[in-house]
Amino acid sequence: MSRLRLLEDELCAQGVDAAEVSAAVRALPIETPSWGFGDGGTRFKVFHCPGAARNVAEKLADAGLVHKLTGACPSVALHIPWDITDDWSALAAVAQQHGVKLGAINPNLFQEDEYRLGSICHPDAAVRAKATAHIIECIDIAQAVGSNTLSIWLADGTNYPGQDDIRARRGRMLECLHQVYGKLPASMTMLLEYKVFEPAFFHTDIADWGASFSLCSELGPQAQVLVDTGHHAPGTNIGYIVAWLLALDRLGGFHFNCRNYADDDLIVGSSQPFELFNIFHELINGGSAGRAAQVAYMLDQSHNIENKIEATILSIMNVQTAYARALCVNRIELASLQTAGDVLGAHRLLHDAFETDVRPLLAAMRENAGCPADPLQAFRTGGYAAKLAKERG
Ligand code: PSV
Ligand code: MN
């Protein structure tokens with residue numbers, strides 16, 4: 001009997017429908033970040049990757065290739081001004097040529113000299129006005145390229161106690177965010193990302209999900225919290241945060257990466273696969289599957305020593321694996337074990353799902369979607385890396 005058939009039978013015996021698992025994974029779109037395809041890395045050294053994209057058009061070509069091989073990445077996030085162009089409809093057309101759409105628009109509020117003390121929290125009203133105008137410009141860009149997502153991350157914070165008034169900074173930030181919120185078209189979501197530290201190291205102005213949640217609640221329903229897996233203190237239970245934000249109807253987006261860098265440089269699911277599984281368990285648990293499906297799932301990774309396209313493909317495969325395994329949980333059975341107070345019975349049921357080898361199921365799912373069973377292998381054997389290195393130098 002084939003490995004796939006054995007797995008289907010095993011899942012059936014556990015009360016799980018393999019076809020439903022495949023269909024749900026196939027329907028999960030995961031956005032890729034434009035900044036993941038160009039050279040980028042740590043502050044110690046940026047290693048050049050032969051064939052890495054040199055401009056936004058090449059980034060879109062690479063994103064298109066990832067989508068072609070995985071069937072899972074129909075959109076690409078842009079960072080402004082890293083991806084600036086003077087013709088947004090032409091850029092949207094380039095994306096379309098490569099089989100992808102333009103996704104979340106990310107304003108850059110951290111690279112200009114004026115932002116030394118922050119952007120929309122800055123003590124100087126003129127700097128806050130500049131930052132606010134840039135975010136509003138990003139709303140216009142989103143509309144010009146047909147995207148419904150504005151994704152905001154602030155590098156704002158202080159390095160030393162007493163450097164600035166934390167409460168006053170919150171007030172300034174809220175005032176600017178109200179101006180931005182007022183410009184959102186009805187169809188657009190504003191995602192508000194938090195980060196516990198870096199580049200500010202005493203406090204960051206949106207340090208955790210509670211801070212982001214409070215701002216979103218004051219702004220209105222179009223403001224939603226974005227969870228970036230790398231932005232937490234070690235040991236933080238991200239599944240718990242997901243459960244709460246879904247219960248509060250405020251989980252708008254996810255940035256996937258591995259937290260070992262405490263930011264965005266490593267492959268999601270590479271070191272904490274159980275954490276990723278548990279995040280998906282809570283996403284599925286959080287009411288209807290439909291609600292979890294409204295969350296914008298994105299990679300936020302910028303690799304330094306590995307091939308960027310390979311790293312992106314492997315990340316997508318890791319996300320799909322975690323989601324498929326979480327879908328293997330028999331939730332009715334789990335609920336009855338939980339109600340009966342069977343501590344280890346419930347725990348084992350969850351862990352058994354985590355240990356399910358879903359690879360044959362995912363391979364068949366990809367083939368049915370017209371993609372290679374193993375997209376990473378297909379990239380390696382397809383000679384793509386050598387071709388890009390030759391073309392791009
Ligand atoms: C900041 O660390 C972040 O996670 C934000 O999402 C940025 O937009 C992205 O990384 C790229 O700097
Ligand atoms: Mn992020």
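Trainee: Where does ligand 1 sit?
Mentor: In this predicted model, ligand 1 sits in the largest pocket. To say so, more than half of its atoms must lie within 2 Å of the pocket's grid points.

Trainee: What makes the approach of E193 to ligand 1 a polar contact?
Mentor: A polar side-chain atom of E193 is 2.7 Å from an oxygen atom of ligand 1. The cut-off is 3.5 Å, so the pair counts.

Trainee: Which residue classes make up the shell around ligand 1?
Mentor: The shell has 6 charged, 4 polar and 4 nonpolar residues.

Trainee: How do you know that E193, D228, H255 and D300 coordinate the manganese ion (ligand 2)?
Mentor: Their donor atoms lie at 2.1 to 2.2 Å, and donors must be within 2.8 Å of the metal, so they qualify.

Trainee: Why is the site of the manganese ion called octahedral?
Mentor: There are 6 donor atoms, with angles of 69 to 165°. The label requires opposite donors over 155 degrees apart and all others between 65 and 115, so the site is classed as octahedral. Ideal octahedral angles are 90 or 180 degrees.

Definitions and conventions. Residues are numbered from 1 along each chain as its sequence is written. Chains are lettered from A and ligands numbered from 1 in the order in which they are written. This is a predicted model: local features need pLDDT of at least 70, side-chain atom pairs count only at pLDDT 80 or more; totals for chains, interfaces and linings use all residues. Side-chain values use heavy atoms; hydrogens and water are left out. A polar contact is a pair of N or O atoms within 3.5 Å; within protein, one must be able to donate a hydrogen and the other to accept it, and residues adjacent in sequence count only if both atoms are side-chain atoms. On a 1 Å grid over the protein atoms alone, a cavity is a set of points where a 1.4 Å probe fits but cannot get out, and a pocket is an open set with protein on both sides within 12 Å along at least five of seven lines; lining residues have an atom within 4 Å of a point. Ala, Val, Leu, Ile, Met, Phe, Trp, Tyr, Cys and Pro count as nonpolar, Asp, Glu, Lys and Arg as charged, and the others, Gly among them, as polar. Donors are N, O and S atoms within 2.8 Å of the metal (3.2 Å for Na, K and Ca); water is not among the atoms, so sites may look incomplete. Four donors count as tetrahedral if all angles lie between 85 and 135 degrees; four count as square planar and six as octahedral if opposite donors are over 155 degrees apart and all others between 65 and 115; anything else is irregular.
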